[in-house]
Amino acid sequence: LSSLVARFAANTFWLGRYLERTENVARILHINETYARDKPEGPDWQRVLDLYSDSDRFHEDHEEASEQAVLQFYILDRNNPTSIISSIINARENARSVRHLISTEMWTHLNMFYSQLLKMNAREIQPSRLANTANDIILNCQTFEGIAEGTFLRGEPACFYHLGKYIERADQTTRILDIGYGLLPIGKGDAVTSVQWNVLLRSVCGYHAYRSRYPGRSRVKDIERFLLYDTEFPRALALCVGRITERIRDMEKRHGTKRHSEVERTRRELEFALETGPGNDITPEKLHAFLDRFQLLLANVTDAVRQTYFG
Amino acid sequence: MSDYDCGAFYCEMRSQQDQPLLTQITKRLDELDIRALRRRARDAERELFNLGITFTVYTDRDAIDRILPFDVIPRVLSKQDWATIDSGVKQRVAALNLFLHDIYHDEKILKDGIIPAQLVKGNKNYRPEMQGVDVPQGTYVHICGTDLVRDEKGTFLVLEDNGRCPSGVSYVLENRHLMMRAFPDLANGIPIADVDAYGSRLARAMSEVAPQDVSDPTIVLLSPGIYNSAYFEHVFLAREMGVQLVEGRDLLVDDDMVFMRTTSGKQRVDVIYRRIDDAFLDPKAFRPDSTLGVPGLFAAYCKGNVNLANAVGTGVADDKAVYAYVPRIIRYYLDEDPILPNVPTNICGEDKGLTKTLDSLDKLVIKPVGEAGGYGVVVGPRASKRELAKLHALVKADPGNYISQPMVGLSVSPTLIDRAIEPRHVDLRPFALTGEDTWVLPGGLTRVAMKRGSLIVNSSQGGGSKDTWVLV
């Protein structure tokens with residue numbers, strides 16, 4: 001059986017990551033605009049810059065984190081490597097290199113999505129139209145994911161694609177949790193009543209899922225348990241780590257334990273960190289420290305995979 | 001098509017109305033109104049774009065995808081015409097392979113004076129490094145694209161042999177798929193030869209020419225990469241063959257063996273279908289500045305540890321100067337008359353050809369033999385007196401550097417232009433695959449000059465393509 005060219009392992013891994021990132025960025029912009037009307041003058045956009053640690057870069061060229069400027073920065077700015085347009089350009093360039101390994105349907109959809117984004121102008125990211133535009137981007141990502149689910153041969157390329165996707169998803173969930181938790185009024189009786197917890201749950205597409213899991217209850221402890229440990233919620237860290245583990249096991253089966261040892265070591269660290277968790281009597285500081293470390297461990301897994309498999 | 005007038009040219013549809021199936025297709029086309037045709041044509045072009053069946057033009061900031069214009073009216077070839085093309089192409093490929101083996105081994109054809117030795121050995125595409133190198137099955141030209149045109153009488157003539165890296169076959173298959181989606185009604189009940197076997201045939205041919213001791217060879221397609229304008233075709237072929245599409249940086253040579261860098265380390269490679277010119281293949285053997293190639297590849301090839309398709313040094317066989325000699329090459333090796341004649345060619349290096357050329361410069365097309373891509377070609381009837389006088393002196397001074405040919409009135413095919421169907425000139429490139437033996441894809445790339453009166457069918461100059469139906 002022929003092994004995958006190392007460069008293609010990297011291409012499929014990043015294809016998975018860029019699409020996952022695009023979907024999350026679009027959702028966060030949309031949620032921030034629609035639900036986070038926490039200030040009389042409108043939503044706080046600096047928060048989104050903080051979420052992605054992009055504040056310094058943003059303020060090099062912009063004075064103020066105005067709505068228009070931040071939306072431009074995250075959707076249409078090609079000079080910003082974390083913008084949606086940059087992510088999709090990168091996704092497409094990666095897909096182009098492995099076009100013979102992914103399905104034609106995946107390529108065609110990504111190609112159409114890309115053409116659509118290239119045509120997008122400043123009018124479409126105005127506040128009045130942002131919801132539509134963001135939903136459209138999210139739907140495009142979800143459609144791609146559905147097409148991949150239904151057409152992508154589950155060989156080695158798909159393995160790297162899924163690994164990239166779940167590493168990125170876990171990373172996005174930690175960022176959303178980090179910023180969202182900081183905003184939650186935590187105090188007497190652990191009760192969360194403000195609108196922020198909606199924002200938080202909606203940011204990870206988990207509002208209704210949470211409702212059905214904990215009917216009639218809105219407690220910080222439950223939200224924490226839900227987003228960290230629920231193995232049935234697609235964006236919970238536990239589920240992402242589970243998927244990462246499965247893919248890493250697949251690789252081990254293909255390439256043997258010896259070659260694989262560094263990847264396995266970093267994976268175990270990640271798993272262990274989640275098991276230990278942020279500890280009891282959670283405070284925003286403790287949670288922040290945990291999430292920070294978790295992001296670092298995800299980066300370590302990526303690094304080990306890169307060094308072992310990307311040639 | 002009531003206003004359609006093809007003039008004195010042979011028409012691929014009108015001039016074949018003795019064929020009942022062509023009459024039937026013409027009738028069906030007549031029944032479609034022009035607006036419906038245009039709508040379907042627009043849909044088809046949008047689909048090409050969405051599917052990414054494009055060539056890409058890169059600027060500093062953007063990657064611009066362009067489609068090869070697609071004409072929705074198919075070019076149809078009768079069973080009889082195809083039989084001639086099929087056997088003619090096979091004959092030509094067989095002769096070219098024997099010729100290449102000979103000039104890189106015993107040089108009998110040169111010693112027998114059939115073709116001037118200088119023409120071969122002085123040719124810039126002749127590779128002295130190939131002298132004495134044995135290639136599996138004696139096959140040099142594994143993939144061949146022979147450019148054919150049809151004259152006023154309807155006779156197919158060979159315009160050019162493409163024996164290096166002929167491209168365009170992906171359009172043959174994609175045009176067919178597009179046509180069947182856009183016009184299922186047009187083809188209903190018409191027996192058309194299937195083109196889908198190309199990829200598996202290509203993979204089979206590549207296996208057949210693997211180094212001798214390899215039973216289940218690893219085949220790869222070597223591309224210059226995503227920035228190459230033909231990258232879509234490379235993707236297409238890799239997918240159809242089920243092989244990996246690699247770049248030079250994915251391969252390495254160790255101990256005269258070729259490997260690719262994979263997720264499980266180095267993996268041996270046996271056959272490389274390369275879409276990179278000889279000059280860029282290996283910086284150690286050819287151009288040292290090539291970053292597309294693989295250092296040491298040529299040495300591995302000479303040792304027989306890996307095979308390349310097409311072979312190194314085939315360019316000498318599809319050269320313009322050698323082209324003029326192909327009918328003699330066919331007679332020399334096969335003892336047969338050419339089934340597909342050349343466009344009549346005067347070889348100015350020979351007295352008879354020189355006299356003929358100088359006597360009627362104003363009626364002929366004069367081509368310098370060393371140049372590629374139409375450079376330096378003079379079309380006599382369109383040249384000024386001064387230009388002709390200058391050319392006269394040039395040809396006289398260095399006759400060996402020139403050939404001349406009469407103007408050929410290329411056949412036309414009905415083509416959808418704006419709001420009408422008009423005749424446009426076409427050519428045909430059938431594709432032949434050779435492993436142990438030769439197979440010709442029943443179809444081929446029909447290129448069409450979209451500008452009225454133009455004879456230039458190249459995609460770089462606004463040419464388009466058509467689906468090519470071979471009736472069975």
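**A packed side chain and its surroundings**

Mentor: Start at Phe294(A). Leaving out residues up to four places away in sequence, Phe294(A) touches Ala170(A), Thr174(A), Leu237(A), Val241(A), Leu270(A), Ala273(A) and Leu274(A). Contact here means heavy atoms within 4.5 Å.

A word on the ground rules. This is a predicted model: local features need pLDDT of at least 70, side-chain atom pairs count only at pLDDT 80 or more, and totals for chains, interfaces and linings use all residues. Residues are numbered from 1 along each chain as its sequence is written, chains are lettered from A and ligands numbered from 1 in the order in which they are written, and side-chain values use heavy atoms, with hydrogens and water left out.

Now widen the view. The largest nonpolar core holds 170 residues, and Phe294(A), Phe99(B) and Ile272(B) touch the most other members. A nonpolar core is a set of buried Ala, Val, Leu, Ile, Met, Phe, Trp, Tyr and Cys residues joined through side-chain atoms within 4.5 Å. Another core lies apart from it, with 65 residues, among them Leu37(B), Ile67(B), Ile73(B) and Met241(B). Buried means under 20% relative accessible area, exposed means over 50%, and partly exposed is in between (1.4 Å probe, protein chains only).

Helix α5 of chain A covers residues 84-97. Helices (H or I, at least four residues) and strands (E, at least two) are DSSP runs, numbered from the N terminus. α5(A) has 14 residues and reaches 20 Å from its first C-alpha to its last, close to the 20 Å expected at 1.5 Å a residue. That expected span is 1.5 Å times one less than the number of residues. Of its 14 residues, 12 are buried, so α5(A) is largely enclosed by the rest of the structure. The buried residues include Ile84(A), Ile88(A) and Ala91(A), but also Arg92(A), Glu93(A) and Arg96(A).

Charged side chains bring us to salt bridges. The whole structure has 55 of them over all chains. Each is a side-chain nitrogen of Lys or Arg within 4 Å of a carboxyl oxygen of Asp or Glu. An α-helix has 3.6 residues a turn, so residues three or four places apart point the same way. Look at Asp303(A) and Arg306(A), which are three residues apart in helix α14 (residues 284-309) of chain A. Their side chains meet in a salt bridge at 2.7 Å, N to O. Asp303(A) is partly exposed at 34% relative accessible area, and Arg306(A) is partly exposed at 41%.

Arg46(B) and Asp43(B) form a salt bridge, with the closest N and O atoms 3.6 Å apart. They lie three residues apart in helix α2 (residues 34-51) of chain B, so about one helical turn separates them. Arg46(B) counts as exposed at 54% relative accessibility, while Asp43(B) counts as partly exposed at 36%.

Back in chain A, salt bridges with shared partners join Arg249(A), Glu252(A), Glu264(A), Arg267(A), Arg268(A) and Glu271(A) into one network. One link is Glu264(A) with Arg267(A), at 3.1 Å, N to O. Both lie in helix α13 (residues 257-276) of chain A, about one turn apart. For Arg267(A), the relative accessible area is 2%. Beyond residues up to four places away in sequence, Arg267(A) touches Thr245(A), Ile248(A), Arg249(A) and Val301(A).

Finish with the strands of chain B. An open sheet of three has the order β8-β9-β10, with antiparallel pairing. The edge strands, β8 (251-254) and β10 (265-268), each pair on one side only. From one strand to the next, the twist averages 45°. Two strands pair if DSSP finds at least two bridges between them. Four bridges join β8(B) to β9(B), and Val253(B) has Val258(B) as its bridge partner. These two strands form a hairpin with two residues between them, and Asp255(B) in the turn has a positive phi of about 55°. β9 (residues 257-262) of chain B also pairs with β10(B) over four bridges. There, Phe259(B) is partnered with Arg268(B). β9(B) and β10(B) form a hairpin too, with two residues between them.

How values were computed:
Axes are lines fitted to C-alpha atoms, for helices over the stretch in contact, and angles run from 0 to 180 degrees between N-to-C directions.
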